[in-house]
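Load the model in your viewer and keep the selection tool ready. The stops below go one by one.

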Amino acid sequence: MEMDDPAFRSETVNRLLHNFFGDKVKTKCSGDALKLMAELLKIFIAEGAARAAQQAKVESSPSVETEHLEKILPQLLLDF
């Protein structure tokens, strides 16, 4: 894994998905589905960080704090 291209491990994504499935034993994810979900998570995290940074900039804050993420989270969730 390169520093320029952060990615989620397939095992991590698989465990995250299985935590939300009703029937954890019968549900299976293909490798392509895991790759797609990992890419979606990467985009979601990057977008959240960018929006939180923009919120901090609007508030003239020198750093991004939890409160900035909390302010952008409702709209971020609606967009995804």
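The tour goes from a helix packing to an aromatic pair and then to salt bridges.

**Before you start**

This is a predicted model, in which local features need pLDDT of at least 70 and side-chain atom pairs count only at pLDDT 80 or more, while totals for chains, interfaces and linings use all residues. Residues are numbered from 1 along each chain as its sequence is written, and side-chain values use heavy atoms, with hydrogens and water left out.

**Stop 1: H1 against H2**

Select helix H1, residues 10-18, and helix H2, residues 31-58. Helices here are DSSP runs (H or I, at least four residues), numbered from the N terminus. The axes of H1 and H2 are 9 Å apart, and the packing angle is about 90°. Axes are lines fitted to C-alpha atoms over the stretch in contact, with angles from 0 to 180 degrees between N-to-C directions. H1 and H2 are therefore roughly perpendicular (the class for 65 to 115 degrees).

Now show the side chains of the contact (heavy atoms within 4.5 Å). From H1, pick Ser-10, Val-13, Asn-14, Leu-16 and Leu-17. Facing them in H2 are Leu-34, Met-37, Ala-38 and Leu-41. Colour by class: 7 residues are nonpolar, 2 are polar and none is charged. In this scheme Ala, Val, Leu, Ile, Met, Phe, Trp, Tyr, Cys and Pro are nonpolar, Asp, Glu, Lys and Arg are charged, and the others, Gly among them, are polar.

**Stop 2: Phe-44 and its ring partner**

Stay in helix H2 and select Phe-44. Which residues does Phe-44 contact, leaving aside neighbours within four places in sequence? They are Leu-76, Leu-77 and Phe-80.

The model has 1 aromatic pair (rings of Phe, Tyr and Trp, the last by its six-membered ring, with centres within 6.5 Å; planes under 30 degrees apart are stacked, over 60 edge-to-face, the rest tilted). The ring centres of Phe-44 and Phe-80 are 5.0 Å apart and the planes meet at 85°, so this pair is edge-to-face. Phe-80 sits in the segment after helix H3 (66-79), so the pair ties together parts 36 residues apart in sequence.

Phe-44 is partly exposed at 23%. Phe-80 is partly exposed too, at 44%.

For scale, draw a line from the C-alpha of Phe-44 to that of Lys-57: 20 Å, across 13 residues of chain.

**Stop 3: the salt bridges**

How many salt bridges are there? The count is 5 (a side-chain nitrogen of Lys or Arg within 4 Å of a carboxyl oxygen of Asp or Glu).

- Select Arg-9 and Glu-11. Their N to O distance is 3.3 Å. Arg-9 is exposed at 53%; Glu-11 is partly exposed at 49%.
- Select Glu-47 and Arg-51. This bridge is 2.7 Å, N to O. Both residues lie in H2, 4 residues apart, about one turn of the helix. Arg-51 is partly exposed at 22%, as is Glu-47 at 30%.
- Select Glu-59 and Lys-71. The closest N and O atoms are 2.6 Å apart. This pair links distant parts of the chain: Glu-59 is in the loop between H2 and H3, Lys-71 is in H3, and 12 residues separate them. Glu-59 is partly exposed at 29%, and Lys-71 is partly exposed at 47%.

**Last stop: a network**

Select Glu-47, Arg-51 and Asp-79 together. Salt bridges with shared partners join these residues into one network.

Terms used
Helices (H or I, at least four residues) and strands (E, at least two) are DSSP runs, numbered from the N terminus. Buried means under 20% relative accessible area, exposed over 50%, partly exposed in between (1.4 Å probe, protein chains only). Angles under 35 degrees count as roughly parallel, over 145 as roughly antiparallel, 65 to 115 as roughly perpendicular and the rest as oblique.
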